[in-house]
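Please keep the view open and turn it as you read the points below.

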Amino acid sequence: YHHGSYQGDSLNWLNEIIDTHKPTALVGLGDWGYGWTYDDWESLTKKLTIHAIYGNHDYLDMLRWARNSDSHVLAMDGEVRTIEGIKFGFINGIISGRASSDPLFVPRRKQEDFFQAATNLKGINVLCTHETPRMEDLEKIMNLNPGTIVVENLIHNLKPALSLSGHLHLKEGWHIAKIGSTTSVLIDSSSKSRNYALIEDGTISIWHNNETIVREPLEW
C-alpha cells in the first residue's frame with residue numbers, strides 16, 4: 001500500500017488504459033512502486049514499447065531488468081529515444097543531498113548529474129524527468145529544492161516543446177504551465193489519482209477516469 005492505495009491495482013488500471021487507447025508507446029516518469037513482478041513487465045512489453053525513468057520510489061533492479069523486444073525499458077540519463085518521429089530525452093531520479101530511507105535503495109542525484117545528462121539532449125522535443133520544475137503559479141505549495149530550480153533552468157536552456165514530470169502530488173493530480181516557450185505538464189498517474197496524459201495529433205491531453213479534462217496544442 002502507498003498513501004492508502006493498493007499498488008496491486010495499478011497494473012489492472014494501466015492495462016485498462018492501454019486496451020482503451022491502444023497507444024504505440026508508454027512513457028513512465030518514475031515512482032512505479034515496489035509491487036511489480038517480472039511477469040507484470042513481460043505482460044506489458046508484449047502489448048507496447050515502454051520508455052521509463054526511475055523516481056524515488058522504485059524497485060530499481062526490476063526496472064533495470066525489464067526489456068522491450070529491442071531495447072531496455074529503463075532509459076539512461078541523457079538518452080534520446082524517438083517515438084513516432086518525436087525526440088524524447090530522459091533524466092532519472094531526484095536531486096537530494098539526503099540518503100534514501102527506501103527499503104529498496106534508489107540513488108539520489110546531484111545537480112551536476114542533471115547538467116551532464118542535458119549536454120546530450122540538444123534538439124529534443126520532449127524532456128522527461130521525475131523531478132518537477134519550478135512553476136510560478138505553484139510556488140506557494142511547491143518545495144523549492146535545488147532539483148526544481150535545476151529542471152527549470154534545463155527547460156530554459158533546452159527549449160523543448162514539452163516537458164513531462166511527476167514527483168509532486170497535487171489534489172487535482174495534474175498541472176499545466178508555461179516555462180518560457182515550453183508547455184510543462186505535471187502528471188500523477190497513480191491508481192489513486194487516476195490521471196494520465198496522451199500525446200497524439202499534435203496535442204497533449206490530460207485524462208481522468210477515461211474522460212478528457214483539457215487538451216493543449218503542441219508545436220514540434
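1. A word on burial first: a residue is called buried under 20% relative accessible area, exposed over 50% and partly exposed in between, using a 1.4 Å probe and protein chains only. Please note that this is a predicted model, where local features need pLDDT of at least 70, side-chain atom pairs count only at pLDDT 80 or more, and totals for chains, interfaces and linings use all residues. Residues are numbered from 1 along each chain as its sequence is written, and side-chain values use heavy atoms, with hydrogens and water left out.

2. Let us begin with Asn125, which sits in the loop between helix H4 (111-118) and strand S5 (126-129). Helices (H or I, at least four residues) and strands (E, at least two) are DSSP runs, numbered from the N terminus. With a relative accessible area of 12%, Asn125 counts as buried. A polar atom of its side chain lies 2.7 Å from the backbone nitrogen of Lys87. Leaving aside residues up to four places away in sequence, Asn125 touches Gly85, Ile86, Lys87, Pro160, Ala161, Leu162 and Trp220; contact here means heavy atoms within 4.5 Å.

3. Next, look at Phe114 in helix H4. Is Phe114 buried or exposed? Phe114 is buried, because its relative accessible area is 0%. Its contacts, again not counting residues up to four places away in sequence, include Ile91, Asn92, Gly93, Ile95, Val150, Val151 and Leu154. Arg109 and Glu131 are also among the residues that Phe114 touches. From C-alpha to C-alpha, Phe114 and Lys87 are 18 Å apart in space and 27 residues apart in sequence.

4. Tyr34 belongs to the loop between strand S1 (25-28) and helix H2 (38-45). Tyr34 has a relative accessible area of 27%, so this residue is partly exposed.

5. Now the helix pair: H1 (residues 8-21) packs with H2 at an angle of about 5 degrees, and their axes are 11 Å apart. Axes are lines fitted to C-alpha atoms, for helices over the stretch in contact, and angles run from 0 to 180 degrees between N-to-C directions. Leu11, Leu14, Asn15 and Ile18 of H1 meet Asp40, Ser43 and Leu44 of H2.

6. Where is the open sheet? Its 3 strands follow the order S9-S10-S11, with antiparallel pairing; two strands pair if DSSP finds at least two bridges between them. S9 (195-200) and S11 (211-217) stand at the edges with a single partner strand each, so one side of each has no neighbour in the sheet. On average, neighbouring strands are turned by 20 degrees against each other, direction ignored. Between S10 (residues 203-208) and S11 there are 6 bridges, and Thr203 has Pro217 as its bridge partner in S11. H1 packs on this sheet, touching S9 and S10, and its direction makes about 25 degrees with that of S9.

7. Finally, visit the hairpin formed by S7 and S8, which has 2 residues between the strands. In its turn, Gly180 has a positive phi of about 60 degrees. S7 (residues 174-179) and S8 (residues 182-187) pair in the antiparallel sense over 6 bridges, and Ala177 has Ser184 as its bridge partner in S8.

Notes
Polar contact = N/O pair within 3.5 Å; in protein donor to acceptor, adjacent residues only side chain to side chain.
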